[in-house]
Amino acid sequence: MHILNQDVEFLEENRTCSYFDEKLSDIRYRYIYSCSTELYQKMLERGWRRFGRMHFVPECKTCDKCVSMRIDVENYKFSKSEKRVISKNKDTKLYIRPPSLTMEHLNLYDKYHRFMNDKKNWPYTPIEPEDYSKSYVEATENYAKEFLYVRDDKLIGVALVDILPQSISAIYCYYDHDYSDLSIGKFSILAQIKIAKELKIPYIYLGYWIQNHFSMGYKEAYTPFEILKNRASLNETPIWKKNEI
């Protein structure tokens, strides 16, 4: 289906769950050709996520394991281990710019997913440039950024990040496991927290947290954080509560 510039909303029911083999999921999608900062902020507060021009939120009828979460930036204090990660990356260069597409991006993306296929049995198919562009480069509104992590003049990590006046949304991150000692995935989140503190942005949205999940459980390390307690429409008030693990 080729969509030009019209906005479309639809619900996909009984699709294979991305996180549990035995479950089905229901996902609501909104294709928004040009999403304003104001609308995007409202959607983030209600649990929506974004890849390119496609926004989505789970509406599973029989499961609520995917919990929207956001880091409480003002009250976040870096632990000793997190300070060590930051220190280890003192020579890692960070460039923040609008999303782009190069062969370095594609090669690193594929290398990361081949590794995760071996380690965690993630499905793996080499990504096509058009698919990467649709997911990460298109819809480059002013808030869309990429964080490029460079070591020894080599691209070793990419984080797709949206920076809004009241929110940072961490969309996706991939990196070179040859540099696992640098903990680039963790460093990327810590870098976003530091930037949020400097800009006085109150929340970082990390997407969905699934407690004790092998791929989605790590997010609870970034505490204090709040979780979304209801499935609010854009006309309803979202209820966020401090999480008590």
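## Strand β11 and its partners

I227 stands opposite K241 in strand β12. The two strands, β11 and β12, run antiparallel and are joined by 3 bridges; strands here are DSSP runs of E with at least two residues, and helices are runs of H or I with at least four residues, both numbered from the N terminus. Two strands are said to pair if DSSP finds at least two bridges between them. This is a predicted model, in which local features need pLDDT of at least 70 and side-chain atom pairs count only at pLDDT 80 or more, while totals for chains, interfaces and linings use all residues. Residues are numbered from 1 along each chain as its sequence is written, and side-chain values use heavy atoms, with hydrogens and water left out.

Strands β5 and β11 run antiparallel, with 3 bridges between them. What covers the two faces of β11, residues 225-228, and are its side chains buried or exposed? Both faces are covered, with F225 and I227 buried on one side and E226 and L228 buried on the other. Buried means under 20% relative accessible area, exposed means over 50%, and partly exposed lies in between, using a 1.4 Å probe and protein chains only.

## A look at S68

S68 is found in strand β5, which spans residues 67-72. S68 counts as buried because its relative accessibility is 11%.

Which residues does S68 touch, leaving aside its neighbours within four places in sequence? The contacts (heavy atoms within 4.5 Å) are with G47, G207, Y208, E226, I227, L228 and W240. S68 and K229 are 161 residues apart in sequence, yet their C-alpha atoms are 8.4 Å apart in space.

## The sheet of 8 strands

Now for the sheet that holds β5 and β11. Its 8 strands form an open sheet with mixed pairing, in the order β6-β7-β8-β9-β10-β5-β11-β12. At the edges stand β6 (93-97) and β12 (240-242), each with a single partner strand, so one side of each is left without a neighbour in the sheet. On average, neighbouring strands of this sheet are turned by 30° against each other, direction ignored. Such angles are taken between axes, which are lines fitted to C-alpha atoms (for helices over the stretch in contact), and run from 0 to 180 degrees between N-to-C directions.

Within this sheet, β7 (residues 144-151) and β8 (residues 154-163) pair in the antiparallel sense over 8 bridges. One of the residues to look for is Y149, whose bridge partner in β8 is G157. Helix α5, residues 184-199, lies across β5, β6, β7, β8, β9 (167-175) and β10 (203-209), and runs at about 160° to β9. As background, strands of a sheet pair through backbone hydrogen bonds, either parallel or antiparallel.

## The sheet of 4 strands

An open sheet of 4 strands, with antiparallel pairing, has the order β1-β2-β4-β3. Its edge strands are β1 (8-16) and β3 (49-51), each pairing on one side only. Neighbouring strands of this sheet are turned by 30° against each other on average, direction ignored.

Strands β3 and β4 pair in the antiparallel sense over 3 bridges. R50 stands opposite H55 in β4.

## Salt bridges

How many salt bridges does a search of the whole structure find? The search finds 15, a salt bridge being a side-chain nitrogen of Lys or Arg within 4 Å of a carboxyl oxygen of Asp or Glu. One of them joins K61 and D26, with the closest N and O atoms 2.8 Å apart. K61 lies in the loop between β4 (54-58) and β5, and D26 in strand β2 (residues 24-31), so the pair ties together parts that are 35 residues apart in sequence. K61 counts as exposed because its relative accessibility is 58%, whereas D26, at 4%, counts as buried.

E59 and R28 also meet through their side chains in a salt bridge, at 2.7 Å from N to O. This pair links distant parts of the chain, with E59 in the loop between β4 and β5 and R28 in strand β2, 31 residues apart. E59 counts as partly exposed, at 27% relative accessibility. Salt bridges that share partners join E9, R28, R30 and E59 into one network. Another salt bridge is formed by E12 and R15, whose closest N and O atoms are 3.2 Å apart. E12 counts as partly exposed at 32% relative accessibility, and R15 counts as partly exposed at 24%.
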